[in-house]
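This report describes a sheet with a helix packed on it, and then a pocket.

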Amino acid sequence: MKPLYEPTEGLLPVDTSYCAGCGHGVAHKIIMSCIEEKGRLGDTIGVSPIGCSVVAHQFMNVEMCESAHGRAPAVATGIKRVHPNHLVFSYQGDGDLASIGVTEVVHAAVRGEKITTFFINNAIYGMTGGQMSPTTLIGQRSTTSIDGRKPEINGIPIRMSELLATIDGAAYIERVALNTPANIRKAKKAVMNALEVQEKGLGFSLVEFISTCPTNWGLTPVDSLKWAAENMIPYYPLGVFKDTRGDEK
Amino acid sequence: MSEKVLMKGNEAFCEAAIRGGCRFYVGYPITPQSEIPEYMSHEMPKRGGTFVQSESELGSINISYGIACAGGNVFVSSASPGIALMQEGMSFACSAEVPIVILNVSRSGPGIGGIQPAQADYFQVTRGGGNGDYKIPVFAPSTMQEAIDIIYNSFEIADQLRNPVIILADGMMGQMMEPVVLPEEKQPYKTEAEITKYKPWALTGTKNKDHRNRIVSYWAKPEELEHHIIHLFEKYAKAEKELVRYETIGAEDPEIVFVAFGTMARIVAEVIEILNNEGIKAGMIRPISLWPFPKAPFEALSPEKTKVVISTELSMGQLLADVENSVQGRIPTRLINRVGGIVPTTNEILERAKKILGELK
């Protein structure tokens with residue numbers, strides 16, 4: 001009998017430390033099952049960030065290192081330069097990638113580093129307890145914007161995928177969401193595409209996942225999925241922003 | 001093969017690294033070390049190596065950390081404010097036990113500073129600057145040949161200690177030309193099998209291995225973190241015994257002892273010669289390792305014979321602090337210094353030293 005659902009060898013059979021309803025678990029599963037399907041678990045190296053997913057290496061069944069806050073794309077650059085035929089990825093949240101680590105991710109793309117960045121955007125700092133991040137929405141409440149983010153004080157949320165897609169060294173940029181089974185299937189396809197771009201050596205690739213943080217949003221897991229659909233996706237539209245596959249001669 | 005060649009300091013530093021088996025260099029332009037990324041950019045590809053020009057010194061140290069995690073021998077260089085930016089990464093690399101060889105061709109800070117010779121980064125490199133409890137061996141060569149030998153051997157020291165190593169030079173050393181003998185080129189190990197053999201902890205992927213490597217800095221439980229820090233300091237205690245290096249020159253039982261390293265030690269050597277010719281017994285303790293700081297030659301000084309120990313430095317008494325620590329009040333200590341990029345002449349040091357001797361009599 002064909003099983004309908006199976007765990008991936010890409011994830012270790014342990015409980016994660018993530019909160020109920022957090023998107024990290026789903027994102028981990030998607031990414032690691034893609035690497036498993038490609039038969040690359042043995043020669044993949046990952047870089048975890050500072051944030052809730054600093055411990056991703058406790059769950060992801062590949063060799064990994066931790067990196068300083070925001071610096072994961074620089075670290076991944078170094079690893080890829082030593083092992084150019086390995087799959088190398090960084091896994092980062094919105095505080096890590098879109099705030100303190102903007103320089104590193106932009107210049108990894110500028111250099112056309114053949115790495116893949118998985119960007120988990122839940123519009124808030126999770127590990128430090130719910131402070132405003134660069135992707136916190138206008139009006140969204142956080143512990144450093146208790147009356148809601150105000151553009152005149154806090155600026156306007158940054159769209160990293162659109163920004164990175166303007167860089168010629170970026171070969172694949174797509175934004176996906178984790179809020180419905182249909183979106184999760186699309187997310188998996190995006191991860192496969194990004195890894196294919198890396199395997200072909202076309203340049204920098206990134207998949208942004210619109211995720212959830214029920215704990216710091218102050219919502220139930222189910223309401224978080226609804227909130228992401230109603231508030232985040234309209235501001236952060238899903239889709240492919242860059243795909244250079246087919247351009248190669 | 002080992003013939004004498006005339007080389008500019010910054011280029012000699014590069015050759016020493018390449019011949020020491022380094023095939024990865026990361027850098028960002030900053031004076032007075034910009035010839036280093038320039039030299040590496042054309043030389044590394046020719047020698048089968050990799051050159052990366054980073055977007056900042058934060059990029060430099062973190063790309064280097066990635067290279068080192070993956071098992072590559074990596075060399076990174078900068079100057080004072082660039083080194084300040086790198087110190088986040090140095091603390092991280094110490095914590096994660098990752099070897100990186102770092103060269104500081106220092107400026108005359110604080111702030112922007114100048115490009116002329118100074119030793120004002122003494123505390124920066126010997127006292128950390130990054131967060132937390134960690135130590136980094138620091139070597140301060142005084143001649144180009146010594147710089148070459150130190151850089152050449154630093155990769156092995158860093159690998160054995162699984163920790164960064166710093167070489168401290170200055171604008172004088174970076175820019176001057178001296179005849180040097182270049183050491184024989186070590187063959188770098190580049191294949192996965194070689195990396196796994198020599199650096200079993202490095203990230204090469206789980207295939208062809210019976211275990212999964214992880215390089216971490218985060219310890220969730222205080223008991224685990226304390227255990228890890230104690231482990232680091234057991235390594236540092238061993239390094240303190242094995243890596244301490246210094247030279248003593250001048251008269252036996254000197255009445256005046258100078259302490260100087262790097263560029264200053266070259267000038268002080270002349271001062272000692274003049275004093276000894278004049279019948280004043282003078283000597284010098286020249287620390288080559290700044291951490292671990294050589295304490296033994298200070299313990300060997302006799303308060304009956306030595307009237308004063310003078311820290312001779314291009315900073316505001318930073319070296320003096322370690323001199324005082326080592327002398328422990330047994331002998332009077334004094335400071336002769338210039339800062340801001342000014343290097344005192346032999347005569348200036350001579351006169352100031354004689355004045356100090358006169359005041360003590």
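## Sheet in chain B

In chain B, five strands make up an open sheet of mixed pairing, in the order β10-β12-β11-β14-β15. Strands are DSSP runs of E of at least two residues, helices are runs of H or I of at least four, and both are numbered from the N terminus. Two strands pair if DSSP finds at least two bridges between them. From one strand to the next the twist averages 20°.

This is a predicted model: local features need pLDDT of at least 70, side-chain atom pairs count only at pLDDT 80 or more, and totals for chains, interfaces and linings use all residues. Residues are numbered from 1 along each chain as its sequence is written, chains are lettered from A and ligands numbered from 1 in written order, and side-chain values use heavy atoms, without hydrogens and water.

β14 (308-313) and β15 of chain B pair in the parallel sense over five bridges. B:S311 stands opposite B:L335 in β15(B). Helix α10 (262-277) of chain B packs on the sheet and touches β10, β11 (256-259), β12 (282-287) and β14 of chain B; contact means heavy atoms within 4.5 Å.

## Largest pocket

The largest pocket has a volume of about 700 Å³. A pocket is an open set of points on a 1 Å grid over the protein atoms alone, where a 1.4 Å probe fits, with protein on both sides within 12 Å along at least five of seven lines; lining residues have an atom within 4 Å of a point. The volume is the space filled by probe spheres set on the points, which are joined across faces, edges and corners. Of the 38 lining residues, A:G51, A:C52, A:S53, A:V54 and A:M127 are the closest to the centre.

| Lining class | Residues |
|---|---|
| Nonpolar (Ala, Val, Leu, Ile, Met, Phe, Trp, Tyr, Cys, Pro) | 18 residues |
| Polar (the others, Gly among them) | 15 residues |
| Charged (Asp, Glu, Lys, Arg) | five residues |

Note on methods. Axes are lines fitted to C-alpha atoms, for helices over the stretch in contact, and angles run from 0 to 180 degrees between N-to-C directions.
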